[in-house]
Amino acid sequence: MGAAFLSSWPWDNLGAYKYVLYAPLVGKAVAGRAWERASPDHWLLLLLVLFGVRALTYQLWSSFSNMLFATRRRRIVRDGVDFDQIDKEWNWDNFLILQVHMAAAAFYAFPSLRHLPPWDARGLAVAALLHVVATEPLFYVAHRAFHRGHLFSCYHSLHHSVKVPQPFTAGLATPLEHLVLGALMAVPLAAACAAGHGSVGLAFAYVLGFDHLRAMGHCNVEVFPGGLFQALPVLRYLIYTPTYHTIHHTKREANFCLFMPLFDLIGGTLDAQSWEAQRKTSAGVDEVPEFVFLAHVVDVMQSLHVPFVLRTFASTPFSVQLFLLPMWPFAFLVMLMMWAWSKPFVISCYRLRARLHQMWAVPRYGFHYFLPFAKDGINKQIELAILRADKMGVKVVSLAALNKNEALNGGGTLFVNKHPGLRVRVVHGNTLTAAVILNEIPEGTTEVFMTGATSKLGRAIALYLCRKKVRVMMMTLSTERFQKIQREAAPEHQQYLVQVTKYRSAQHCKTWIVGKWLSPREQRWAPPGTHFHQFVVPPILGFRRDCTYGKLAAMQLPKDVQGLGACEYSLERGVVHACHAGGVVHFLEGYTHHEVGAIDVDRIDVVWEAALRHGLRPV
């Protein structure tokens, strides 16, 4: 059996090319010089601007909804938005394409609409009256109809198929539903125009107000103070709240109204617990995470790769896109403000085995970590986050890449030594990072070349490999540091650790482990077919076409992870950096020790096996 009539969008297969459907209107506006007030096509410019602002309205509400650092205490459904929901809502703006053409058709059918005055206050009164006596009751009747039998299963079930309401959920519906909604939205405007009181200002005010209320109702954050409805009980029937509409999404057989609960009261479908639930949610209760991954921003462009900026973009691996360039100046200004005033904040969350995990960010960017004068400030921010987590009752805090830099804080040792009474366990995750890199090296490898060889990770990898009788060429100019590591190896294994001081020494070695940045000139010494394993931050650029480049050590989270909807930098969906995964394993295993400072080489295999046992997988 084929799909039901108007249950799918005709341009579903166009992908991003669907925006070409705006081209006839844009082309007509340009050809008619619509930006000139005297142009007969000036109405087209106003129409396109209106629909652009409509799209921005939903985007801004989406950003607000995902600002966990500001809204998490008043979130109604506490789960995160997962990749499946984001994919379902990917084309949330399809309805705008439909409705802009509906509006354009109305302008062509009724040419007098092209000459509306800027404002007529009487039209607002007409539109308000028609909204209450026509749009609201007709929507209520239509909505209840869409919850029955064929109409629900073939149409409205799509809207109810997501777990966490979001502003973009308002657009997740079939063409038939949006045709009905568009027609109902037009009734007050048409009435005002028919009465001779229509205006451009009224169209903008009513349509944008309509969109604001729909986005607000789906935002999953309670925005009204609970005391408001206790002080003015009549408001309970004049305006719905996000909690009110979320109850409709969870129970489905209650709270059907558009914006005015009065019609649920009349129809007998008002959930009696709506206002008590609203009061409790508005009071704001924080849920304590049990695991926190303390990240940092890589650069200005990457700062846009977070759910509260562009949720859809954040759900894909990061890469620089052209549409980001106009946003760069704003992002740069935000960076300066964060540097001056911000504290560590929550970025995203997910659940694993029903336990809440959160990602926090230190408000510092990659380049800050290489400024000598910024060192104390960065450590103060990291310390602030650790102490806050300890006070909250978080069990494990895992430090991301540069937050555990040896030169910065000794891989977290600074904080553990300064605060010996910490209950939260501080973890650098380097043990699992080393395990991931070591398990990437093909069996049968007899020789490797390593830069960053005397770092904590380099030391652990070298000592592990020499036990396997793999010859490790350790690139370092410091004989003292090399010999210190060599003496840690058993006497029978010390011969496998070899100090080299020039890249040409590795010109016949096809396995390079990179822990220090390599320039194109240095990469040239690698023979064709070389694979570069990496633990350098940021990763090296791949200049050699005849070689292959591994990504930073990472692991796939267990399949039972819930509410994960953001990619970690350039990694694929569901994949996290090994230092993040290492903290997860530390938490799941219930380890009671801190993992800071030097890596215990004897624990590398133990941690790797624990990761696999808990369902984490190499990528």
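Threonine 281, at 15% relative accessibility, counts as buried (under 20% relative accessible area, with exposed meaning over 50% and partly exposed the range in between, for a 1.4 Å probe and protein chains only). The structure is a predicted model, in which local features need pLDDT of at least 70 and side-chain atom pairs count only at pLDDT 80 or more, while totals for chains, interfaces and linings use all residues. Residues are numbered from 1 along each chain as its sequence is written, and side-chain values use heavy atoms, with hydrogens and water left out. Threonine 281 lies in helix 13 (residues 274–283), helices being DSSP runs of H or I of at least four residues and strands runs of E of at least two, numbered from the N terminus. Leaving aside neighbours within four places in sequence, threonine 281 is in contact with Arg73, Arg74, Arg75, Ile76, Glu222 and Thr243, contact meaning heavy atoms within 4.5 Å.

The largest nonpolar core has 77 residues, a nonpolar core being a set of buried Ala, Val, Leu, Ile, Met, Phe, Trp, Tyr and Cys residues joined through side-chain atoms within 4.5 Å. Helix 20 (residues 456–467) gives the most to this core, with 8 residues. Isoleucine 461 is listed among the residues with the most contacts inside the core, together with Leu432, Leu465, Leu497, Ile513 and Ile604. Not counting residues up to four places away in sequence, isoleucine 461 touches Ala434, Ile437, Leu438, Met450, Ile513 and Phe535. A second, separate core of 51 residues includes Ala34, Val126, Phe139 and Cys219.

Helix 19 (residues 430–440) packs against helix 20 at an angle of about 50°, with the axes 10 Å apart; axes are lines fitted to C-alpha atoms, for helices over the stretch in contact, and angles run from 0 to 180 degrees between N-to-C directions. That angle makes helix 19 oblique to helix 20, since angles under 35 degrees count as roughly parallel, over 145 as roughly antiparallel, 65 to 115 as roughly perpendicular and the rest as oblique. On the side of helix 19, Asn430, Thr433, Ala434, Ile437 and Leu438 meet Leu457, Ile461, Tyr464 and Leu465 of helix 20. The residues of this contact divide into 7 nonpolar, 2 polar and no charged, where Ala, Val, Leu, Ile, Met, Phe, Trp, Tyr, Cys and Pro count as nonpolar, Asp, Glu, Lys and Arg as charged, and the others, Gly among them, as polar.

Leucine 541 is found in the loop between strand 10 (531–534) and strand 11 (548–552) and, at 48% relative accessibility, counts as partly exposed.
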